[in-house]
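Got your viewer open and a selection tool ready? Here is a short tour, stop by stop, with something to click on at each one.

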Amino acid sequence: MLTRRHIRAKVMQSLYAFHQGSKDSMQAEEKFLKKSTEDMYNLFLLNLELLVNIRSQAEDYYKIVKKKFLATEEEKNPNKKFINNQLLHRIANSNALSELVESKKLNHWSRDDEYPILIWNKILESDIYSDYIFTETSSFKEDKEFVVDIFKKIIAPNDDLYDYYEDHNLTWIDDFPIVNTTLLKFLQKQKESDEVLNIPRLYKNVEDENFARELFTKTLLADEEFSEITRNKTPNWDQDRIAEIDSILIKMALCEFIKFPSIPVRVTINEYLELAKEYSTPKSSTFINGVLDTVSKEYQSNGKINKVGRGLM
């Protein structure tokens with residue numbers, strides 16, 4: 001689930017928390033990094049489980065309107081295309097999802113069912129829903145496009161849901177855009193031929209999990225060394241004027257230059273420039289690019305950067 005850029009962002013947040021805190025326990029912050037990445041995965045699962053609960057609310061709604069004393073013909077025989085949606089049905093019947101939700105005790109929607117109800121009502125009132133149930137049947141492609149549409153236009157931008165997540169876990173607010181994008185891609189990749197819902201793991205492989213831990217610890221352990229490099233390459237800058245996030249991103253990049261021989265220099269620079277654009281000031285990417293470009297050229301010429309494999313410089 002997590003890409004290398006997501007991992008770098010998580011490490012950046014943990015380093016920032018360390019520098020803003022007491023700075024007395026690297027182990028504590030390493031645990032925070034582990035927990036915050038696991039919390040991100042929980043948010044992904046919660047959003048999937050939210051779709052299950054919205055579908056359940058739709059089932060309840062159809063049962064209730066059917067029993068109304070003065071029910072219309074349409075209410076007596078509602079179009080159940082929504083609850084028969086093939087992708088929603090696959091998600092709702094996923095044993096893997098239900099087992100993960102149970103094992104992680106993510107019972108938020110059974111406890112706070114007003115949010116699935118709220119989202120269902122928004123869907124029910126939408127043109128997306130009206131257009132979708134205009135016909136009785138649909139293809140898997142149409143069903144998938146509908147689910148993607150309601151997630152993108154109704155669920156993800158919902159302010160009440162955003163506030164709910166913020167109240168339950170502060171790190172989820174930083175994770176929200178990443179998780180929403182990841183979930184959208186996950187939904188879009190679903191195929192009719194898939195027999196079950198293949199839920200991604202938090203880390204793609206052991207190497208990525210090790211990368212997260214090692215990038216954090218190696219950057220922190222070499223903090224003074226990397227601070228000195230930054231001071232030497234920015235002699236005309238008051239160090240207090242350099243944004244904290246910029247300083248952390250530079251140190252992380254320097255760590256990758258020197259201590260991660262399999263990661264190409266250009267990949268490292270590009271990744272941290274993108275993170276700077278997303279998390280720091282408008283001019284940060286230009287500043288960081290200047291520092292990293294200077295250091296990388298100097299270190300390559302004097303042999304301090306030794307990359308393994310073809311084309312890694």
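Start inside, with the largest cavity: select helix α14, which gives the most to its lining, with 3 residues. Keep in mind as you go that this is a predicted model.

**Stop 1: the cavity**

Now select the whole lining: Leu-15, His-19, Thr-219, Leu-220, Asp-223, Ile-248, Lys-251 and Met-252. The elements that give two or more residues to it are α1 (4-20), α12 (206-221) and α14 (244-259).

**Stop 2: zoom out**

You'll be looking at 16 helices and 0 strands. Along its principal axes, the C-alpha trace spans about 80 × 40 × 35 Å. The chain has 313 residues, and buried ones make up 50% of them.

**Stop 3**

Next, the largest pocket, with a volume of about 490 Å³. It is lined by 22 residues, and the closest to its centre are Met-1, Thr-3, Thr-182, Lys-185 and Lys-189, so select those five to find the spot.

Helices α1, α11 (171-188) and α15 (265-279) each supply at least two. By class, the pocket lining has 10 nonpolar, 6 polar and 6 charged residues.

**Stop 4**

In soluble globular proteins, nonpolar side chains tend to be buried together. Here the largest nonpolar core has 96 residues, and those touching the most other members are Phe-44, Phe-82, Ile-91, Ile-123, Phe-146, Tyr-165 and Leu-187. Helix α2 (residues 26-66) gives this core its largest share, 14 residues.

Click on Phe-44 and show what surrounds it. Beyond residues up to four places away in sequence, Phe-44 touches Met-1, Val-179, Thr-182, Leu-183, Phe-186, Ile-199 and Pro-200. Two of those names, Met-1 and Thr-182, were among the residues closest to the pocket's centre.

**Stop 5: Ile-229**

Move to helix α13 (residues 223-233) and select Ile-229. Is Ile-229 buried or exposed? With a relative accessible area of 8%, Ile-229 counts as buried, because the cut-off is under 20%. Leaving aside neighbours within four places in sequence, its contacts are Leu-254, Val-295 and Tyr-299. Try the distance tool on Ile-229 and Ile-250: they sit 21 residues apart in sequence and 9.7 Å apart in space, C-alpha to C-alpha.

**Stop 6: Asn-158**

Last, go to the loop between α9 (140-155) and α10 (159-168), where you'll find Asn-158. Although it lies in a loop, Asn-158 is buried, with a relative accessible area of 9%. What does Asn-158 contact beyond its neighbours within four places in sequence? Select Leu-118, Ile-119 and Lys-122 to see. Finish by drawing a C-alpha to C-alpha line from Asn-158 to Leu-118: 9.8 Å in space, across 40 residues of sequence.

Technical notes
Residues numbered from 1 in each chain as written. Predicted model: local features only at pLDDT ≥ 70, side-chain atom pairs only at ≥ 80, totals over all residues. Heavy atoms only, no water. Helix = DSSP H or I, 4+ residues; strand = E, 2+ residues; numbered from the N terminus. Buried < 20%, exposed > 50% of the residue type's maximum accessible area, 1.4 Å probe, protein only. Contact = heavy atoms within 4.5 Å. Core = buried A, V, L, I, M, F, W, Y, C linked by side-chain atoms within 4.5 Å. 1 Å grid on protein atoms, 1.4 Å probe; cavity = no way out; pocket = protein on both sides within 12 Å on 5 of 7 lines; lining within 4 Å. Points joined across faces, edges and corners; volume = space filled by probe spheres on them. Nonpolar A, V, L, I, M, F, W, Y, C, P; charged D, E, K, R; others polar.
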